[in-house]
Amino acid sequence: MSMPALFKNRLRIPVIGSPMFIVSVPDLVIAQCKAGIVGAFPALNARPPALLDEWLARIKEELAAHDKAHPERPSAPFAVNQIVHRSNNRLEHDLALCEKHKVPMLITSLGAREDLNQAAHGWGALVFHDVINQKFAHKAVEKGADGLILVAAGAGGHAGTLSPFAFVAETRAWFDGPLALSGAIGTGRAIRAARVLGADFAYIGSAFIATEEANAVDRYKQMVAASGAEDIVYSDLFTGVHGNYLKPSIAAAGMDPDNLPQSDPSQMNFGTDDSGERHKPKAWKEIWGSGQGIGSVSRVVPAAELIARLAAEYDAAVDPPL
């Protein structure tokens with residue numbers, strides 16, 4: 001397993017907080033980094049686009065102040081997620097701001113671009129790319145990604161269908177770089193399991209929806225805390241790409257979550273523009289994404305409290321006697 005120098009002595013537990021559309025904002029990212037995990041947010045969450053400059057400046061300033069006050073416990077690095085899909089008409093603008101602020105890590109999604117990876121490497125950033133199968137994993141590495149995020153079955157949002165056991169094993173057969181594993185990880189024991197499988201990091205998103213710092217309405221947070229794996233439905237209806245969503249939010253929108261139609265692939269939209277030409281009801285705003293690991297979430301807490309719980313469980317996780 002390969003832990004890049006960027007993370008050495010800066011993580012309390014080997015976790016990357018996944019960047020969630022709408023939900024991940026500076027308040028959450030800063031809390032995650034201060035508590036010892038990588039905090040990440042999608043560049044597209046900063047609207048209007050000029051707000052991204054302010055967000056990056058604030059994150060850097062607050063984390064620098066924390067590090068000065070706590071040299072024995074420096075903050076974890078942060079990451080910015082860039083949607084590489086052609087519908088993202090602000091990618092070049094957002095990438096330029098990441099270069100301006102020397103963002104230490106990029107997470108790329110829905111497309112791999114060699115020129116983007118080279119640009120990030122030019123200012124010293126690492127690039128992790130999220131993938132749902134081996135085809136996309138090979139493509140990402142061929143185009144220069146430093147690490148892979150394996151989005152396995154049960155992950156929130158745009159998720160794959162592969163078992164994490166198979167996905168990690170097959171990837172490790174040819175790739176010795178850093179790996180993060182995503183998919184129904186909501187406990188410290190699951191983080192430990194990801195490491196045993198051969199991943200360097202657990203990639204956790206859904207549990208952080210039910211935190212005080214998350215930019216989610218209270219009903220969404222409470223729904224996550226009250227739901228379990230059986231309350232998740234896998235559908236391509238809302239964006240044109242299969243993803244995992246909360247059944248109660250689909251029902252609240254007047255649809256039958258157990259009898260959803262197929263999407264029209266020509267109408268794919270990932271919430272990356274402001275044209276208003278999106279499916280009704282809107283994915284992420286009305287139809288809420290979540291992964292199958294939310295059964296471990298029972299209440300809304302500060303992000304630091306959630307990370308402390310994960311760390312305690314991770315430290316306590318040992319093999320049971322045979």
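I count a residue as buried under 20% relative accessible area, exposed over 50% and partly exposed in between, with a 1.4 Å probe and protein chains only.

The model is predicted, so I take local features only at pLDDT of at least 70 and side-chain atom pairs only at pLDDT 80 or more, while totals for chains, interfaces and linings use all residues. Residues are numbered from 1 along each chain as its sequence is written, and side-chain values use heavy atoms, with hydrogens and water left out.

**Entry: aromatic pairs.** I looked up ring pairs of Phe, Tyr and Trp (six-membered ring for Trp; centres within 6.5 Å; planes under 30 degrees apart are stacked, over 60 edge-to-face, the rest tilted). I found seven aromatic pairs in the structure.

**Entry: Y220 and W288.** Their ring centres lie 4.7 Å apart with planes at 15 degrees, so I noted the pair as stacked. Y220 sits in helix α8 (residues 218-226) and W288 in the loop between α9 (247-252) and α10 (303-316), so the pair ties together parts 68 residues apart in sequence. Helices here are DSSP runs of H or I, at least four residues, numbered from the N terminus. I then checked burial: Y220 is buried at 7% relative accessible area, and W288 is buried at 5%.

**Entry: F238 and Y245.** Here the centres are 5.1 Å apart and the planes at 75 degrees, so this pair is edge-to-face. F238 is buried at 3%, and Y245 is buried at 0%.

**Entry: other rings.** I also noted F7, F128 and F201 as one aromatic cluster.

Definitions and conventions. Helices (H or I, at least four residues) and strands (E, at least two) are DSSP runs, numbered from the N terminus.
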